[in-house]
Amino acid sequence: MKFSEQWLREWVNPSIGSQELMDQITMAGLEVDGFEAVAGEFTGVVVGEVISVAPHPDADKLRVCQVSNGEQTVQVVCGAPNVRDGLKVPFAEVGAVLPGNFKIKKAKLRGQPSEGMLCSESELGLSESHDGLMELPEEAPVGQPVSDYLKLNDIAIDVDLTPNRSDCLSIKGLAREVGVLNSLVTTAPVIEPVKAVHSEVPDVRVEAPAGCPRYLGRILRNVNLQAETPLWMQEKLRRSGIRSIDAAVDVTNYVMLELGQPMHAFDRNEISGGIVVRMAAAGEKLVLLDGQQVELTAETLVIADHEKPVAIAGVMGGEHSGVSEKTQDLVLESAYFDPITLAGKARHYGLHTDASHRFERGVDYELAREAMERATSLLMAIVGGEPGEVVEVASAEHLPKPRAIDLREQRLADVLGLKINRTTVEEILTRLGLRIDKLLKDGWRVSVPSFRPDISIEEDLIEEVGRIFGYNNLPVTEPTGSLGLRAREEAVRPLSAVRNYFVAQGYQEAITYSFVDPKIQQLVDPEREGIALANPISADLSVMRTTLWSGLLKTVAYNQNRQQPRIRLFESGLRFEQTNDGIRQQPMLAGVVVGNQTPENWVNGRRTSDFFDVKGELESLFRLLGIEVAFVASQHPALHPGQTAELLRNGERVGWLGTLHPQVQKNLELNGTILLFELFLNSIVTGYVPNFKDVSKFPEVRRDLAIIIGSEVAFAQVEHVARKHAGEHLTALRVFDVYEGESLGEGNRSLALSLFWQHPERTLNEDEVHSLFNGVIEALKEELEATLRS
């Protein structure tokens, strides 16, 4: 928030300088982001009065003016379009120095002498406006230095507030803080209820009380919006970074800056019937005050009349119902909108307004009536008018409930590291606007005021006491802690081992967003619905991922668009699923392989990675982890039929492996053969505890076997049957030949196996090996209908 130091000091004026004030505010947790002078540096500029204006004899666009400084009248040549008789204007006399070290001297302009310069706002460093001379009020005293008249010995301070301190988004809130820090009482303007002079009230109906628990409206008739906003108000708005527009808008902006309550003024003649606060109908359109037309969504709270929306609640009004110079009757609005209902709505429409900035963070829910009375009295002083009664529609059920919090004295001392006197604590809490309802044996019961929505637990109260007492006054202690070793199951492999394995295989680790594009996720995981974010960063990051493939495939597209032909990526992270018990977060490990199996060089050719390359890498990983995983043919909606495997451990699925489905690949505009895998991390990292086993000193026996078996029978089945019947001394089983041909018959293939036996304590005899070997053959015949190849 940007504010004028002078305006703040009207409320509370501690006996400290500007720098000390800014330091004090920063140390209280309201960080000062910067400051700047409210005007450029100049001297010799006074209030001048244009006595007369005559055309320049030799220049159509110039005027010869007689200007008085209160003591003498001099001639000044001026080209401003708004120069006229009787105008009061900043007058830079001969010898004056304007911003940029521009010195004013006597001169001749097209033959006419000129002794001085009439100034615009930009020439004094007040703004960027070059539209014409800066017009001063008629009551401005001629001859008084402009810097004194406009009180330009001032700075604009920019405070970077954290989102929880919405109470300081106003002069009132900042003054309260400064007053507490300096033990001073604030001097607030007296706000009296404005007496109604007519009984007409707006017809207000609130159909969405959860989004708008309180709404106030008032009709102000017969206003004169051609009246100019007073210079003092324009200056306070300017120094707060807000441009003056017209009296109605300026007053509502002024009240927002002063009290913290955003308001809006409608042209009553443009409101059909009455005011309805409701949720928008999907597809409704509204042209905003900035000229932008938006299409409203059903989640948007709007202010409407009986025919159409006229404003996005808490964000911006509509162009159609906005006030103009022709407006005669106003409808003033002052409301409390639920921060959760408004969160993200302004950003959804590409907007960020002062009102939305405050409402999203939380406005004092008891402030609306006070702001209404303040705005009414200011408007009547400027534009006149006849005020009506204030109509209020409130839902006690949906308004925030008053909170009482217990603060324990011992807990306060433990957290701050210092025991603070009870009287001091009570004084701090009271000055902050908190009310001590009851003195407890071990502390206090404190009621939280409506303007502090950020205080909800005991720690919040401790923070308030600590920052007002002064962080610099708290003792400095060095934190201590033990660094004990944590127990870890030996059978559980650390994630770092998995990462190191993939890096050693030539993969690169990727870290993608947990928020993904719902369109991509629908393609790769159509069976699960992602959890939609209430306040997404953008449309393509609007749901939580149900699979890591969503982010990895987007990364593949990014790299392929930058001519990267070989991509090998892996990622570990969480996927998110909605269950009956809430949101389940499941650790996952996923990877993607595109392009050649090895980098191209003079030895290696251009063999593209295939299904079995990745399968082999996963099998090596599982051996490293000490687990047995079966690869079973299956189907997945995102993977290619016939090139998809379901990974099972002890009959339970632990992941997927396959080639990306051609249609999905086409929709994502990806190139090449794309291989994907995804594993349930918790299911694969637990293996076995390594133990020592003697190396046998006795010879190993090998037997070779060739069988004919159906092509649909997976080798894993053959291996399972062979190992089950080969006895406990089988040390290895390897395939050394696979053959398919017409001689074997359609649907058959030949597998050549080598089986190895070795006894740890003696030499196996021929009969033992022959018996085990024959047992394997018979089991393959019976269980898999295999036959010996002759």
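Two cavities of 30 Å³ or more are counted in this predicted model. A cavity here is a space where a 1.4 Å probe fits but cannot get out. Rolling a probe the size of a water molecule over the atoms shows where empty space is left.

Start with the largest cavity. Its volume is about 160 Å³. Its lining is made of 16 residues. Look for D167, S170, L259, D364 and L367, which lie nearest the centre of this cavity. Helix α4, residues 171–181, gives the most to the lining, with three residues.

Now move to the second largest cavity, with about 30 Å³ of space. Which residues line the second largest cavity? They are L705, I707, I777, L780, K781, A786, T787 and L788. By class, the lining has six nonpolar residues, one polar and one charged.

Next come the pockets. Unlike a cavity, a pocket is an open set of points. The largest pocket has a volume of about 1800 Å³. It is lined by 43 residues. To find its centre, look for E619, V629, F631, A716 and E719, the lining residues nearest to that point.

Which element gives the most to the lining of the largest pocket? That is α20, with eight residues. The lining of the largest pocket divides into 21 nonpolar, ten polar and twelve charged residues.

The second largest pocket is the last stop. About 1200 Å³ of space lies in it. Its lining has 39 residues. Nearest the centre of this pocket are E121, E135, E228, Q234 and S244. Two helices, α5 (231–239) and α6 (247–259), each supply at least two residues of the lining. The largest share comes from α5, which gives four residues. How do the residues of this lining divide by class, and what are the counts? There are 13 nonpolar, eleven polar and 15 charged residues around the second largest pocket.

Note on methods. Residues numbered from 1 in each chain as written. Predicted model: local features only at pLDDT ≥ 70, side-chain atom pairs only at ≥ 80, totals over all residues. Heavy atoms only, no water. 1 Å grid on protein atoms, 1.4 Å probe; cavity = no way out; pocket = protein on both sides within 12 Å on 5 of 7 lines; lining within 4 Å. Points joined across faces, edges and corners; volume = space filled by probe spheres on them. Nonpolar A, V, L, I, M, F, W, Y, C, P; charged D, E, K, R; others polar.
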